[in-house]
Structure formats: C-alpha cells, structure tokens
Amino acid sequence: MANLLWVCFAGALGSGTRYAVGLWASERFGSAFPYGTLFVNILGCFLIALVLQTALDRAAFPPALRLALATGFVGGMTTYSSFAYETVRLARAGQRAAALTNFGLTSVACFAAVVLGLLLAQLWSAPATEQP
C-alpha cells in the first residue's frame, strides 16, 4: 500500500511538472507547435533511462524510490518515456523484431485510436437533426 501512495504522490508531481512545462513553453515559444509535449517527452525519456539504469547498476538503490520516480513522477509526466525505454531495451537485448513490432504497433495503433476517438467525439457532439 505504501508503494501505491508513493506512486500516486510522485505521479501528481509529474503531472504538475507536465502542466508547468506546457505553460512555460507556450509563453516562451507560442502555441503553434506542441513544444511543451516535445520537451516533457524528451525529458521523460532521459529521466526514465537515468533512473532505471541507475537502479540496475546500484544494488543500494531502493526499489520504492525507483518505483516512485519511474512509474510515479516520470509516468505522471509522460508515458512516452516508458514506450521508448522498453523499445530500446528490447533492441539492446537482441530482440530487434520485438522492438520493431512494439514501435510499429504502438505508433500505428495510437494514431488510429486518436482518429477513432476524434470521430466518436464528433458523432457525440454533432447537432441532432430535427425530424419533420
């Protein structure tokens, strides 16, 4: 139960960080391009690799801290980091076909899910036609 609370707490901090970076990026660079999302995805990929590799290399790294930082904070900030890390981990383990499959399926399926979600939202939002 303690791990869940740490993940929730750290996740809230990660979500807040994502929001703050988004505001900062919009003010600094404008909103014509999603700079905030780009920045948090890059930062999240860097942080998850740093945390998980450090946890693997150092036996003294507390598992609860790894969970709070990687799953909580970074997961709250962006899940793209998990996708990128897991894909690279598969490739580095010699499982290139699995890495490419994960990359391809995730990319195609996620974009398709966005398109389907937008279509469904448009159907729900469409004004009802009046019956004569």
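How much accessible surface does the protein chain have, and what share of that surface belongs to carbon and sulfur atoms? The accessible surface comes to about 9500 Å², and 70% of it belongs to carbon and sulfur atoms, with areas taken from the Shrake-Rupley method with a 1.4 Å probe and, for residues, only the protein chains shown counting as cover. The model is a predicted one, in which local features need pLDDT of at least 70 and side-chain atom pairs count only at pLDDT 80 or more, while totals for chains, interfaces and linings use all residues. Residues are numbered from 1 along each chain as its sequence is written, and side-chain values use heavy atoms, with hydrogens and water left out.

The protein chain holds five helices and zero strands, so that its elements, read from the N terminus on, run α-α-α-α-α; helices (H or I, at least four residues) and strands (E, at least two) are DSSP runs, numbered from the N terminus. The radius of gyration of this chain is 19 Å, well over the 14 Å that the globule rule gives for 132 residues, and the chain is therefore more spread out than a compact globule. That radius is taken over C-alpha atoms, and the rule is 2.2 Å times the number of residues to the power 0.38. Along its principal axes, the C-alpha trace spans about 75 × 40 × 35 Å.

Of the 132 residues in the protein chain, 22% are buried, where buried means under 20% relative accessible area, exposed over 50%, and partly exposed in between (1.4 Å probe, protein chains only). Among contacts between residues at least 6 apart in sequence, 57% join residues at least 24 apart, a contact being heavy atoms within 4.5 Å.

In helix α2 (residues 35–57) lies Thr54, which is partly exposed with a relative accessible area of 24% and whose side chain reaches the backbone oxygen of Leu50 at 2.6 Å. Thr54 and Ala12 are 42 residues apart in sequence, and their C-alpha atoms are 23 Å apart in space. Helix α3 (residues 63–77) contains Leu69, which counts as partly exposed at 31% relative accessibility. Not counting residues up to four places away in sequence, Leu69 touches Val51, Phe61 and Val74, and its C-alpha atom is separated by 9.0 Å from that of Gly14, 55 residues apart along the chain.

The loop between α3 and α4 holds Thr78, a residue that is buried, with a relative accessible area of 4%. The side chain of Thr78 is joined to that of Asn41 by a polar contact of 2.6 Å, that is, a pair of N or O atoms within 3.5 Å, of which, within protein, one must be able to donate a hydrogen and the other to accept it, residues adjacent in sequence counting only if both atoms are side-chain atoms. The side chain of Thr78 also reaches the backbone nitrogen of Tyr80 at 3.1 Å, and, leaving aside neighbours within four places in sequence, Thr78 is in contact with Arg18, Val40, Asn41 and Gly44.

In helix α4 (residues 80–92), Thr87 counts as buried at 11% relative accessibility. Its side chain makes a polar contact with the side chain of Asn102 (2.7 Å), and, with neighbours within four places in sequence left aside, Thr87 is in contact with Ala99, Asn102 and Phe103.
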